[in-house]
Amino acid sequence: SSRQGAVAVGVQDGRFLVIRRAAAVVAPGAYCFPGGGIEAGETEEQALVREFREELGATIVPVRRVWRSTTLWQVELAWWLGELAIDGALEINPAEVDSVQWLVPDEMLDLAELLESNRAFLRALATGEIVLE
């Protein structure tokens, strides 16, 4: 079976929620949208909510899938627009996440360590292939 992942696209005031991965996980130090692997028996939405909670200690409400892509490592990604139900601050899980910030697309593209799949997402957003409104 193919490997699949769910990616959480959280946006507020034109800024995206971006994490920097901790040193002990895959692609350490990389910047990316939150998310992770879809486990057996899980829907995309369930994986999105679980991974977001594991990484950031908060609840994200899936709104709709906005894109699909396949990474260079043949992982099929489902990109979901989500609304954050934040009660207080995000509680970063240091085992998985080094830091978190809200960035506009140009700020994300300036990050040398931004994951290529995220660059592809921003390109598709810029060309109108992805519509978030």
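## An aromatic cluster and its pairs

F16, F33, W67, W79 and F121 form one aromatic cluster. This is a predicted model, with local features needing pLDDT of at least 70, side-chain atom pairs counted only at pLDDT 80 or more, and totals for chains, interfaces and linings using all residues. Residues are numbered from 1 along each chain as its sequence is written, and side-chain values use heavy atoms, without hydrogens or water.

Searching the whole structure gives seven aromatic pairs; rings of Phe, Tyr and Trp (its six-membered ring) pair if their centres lie within 6.5 Å, and planes under 30 degrees apart count as stacked, over 60 as edge-to-face and the rest as tilted.

| Pair | Type | Centre to centre | Angle between planes |
|---|---|---|---|
| F33 and W79 | edge-to-face | 5.8 Å | 85° |
| W79 and F121 | stacked | 4.7 Å | 20° |

F33 sits in the loop between β3 (31-32) and β4 (35-37), 46 residues apart from W79 in strand β6 (residues 75-85). Because F121 belongs to helix α3 (residues 116-126), its pair with W79 ties together parts that are 42 residues apart in sequence.

How about burial (buried is under 20% relative accessible area, exposed over 50%, partly exposed in between; 1.4 Å probe, protein chains only)? F33 is buried because its relative accessibility is 3%, and W79 is buried at 0%. F121 is buried too.

Finally, a look at T71, in the loop between β5 (59-70) and β6. T71 counts as buried, at 13% relative accessibility. Setting aside neighbours within four places in sequence, T71 is in contact (heavy atoms within 4.5 Å) with L77 and S117.

Notes
Helices (H or I, at least four residues) and strands (E, at least two) are DSSP runs, numbered from the N terminus.
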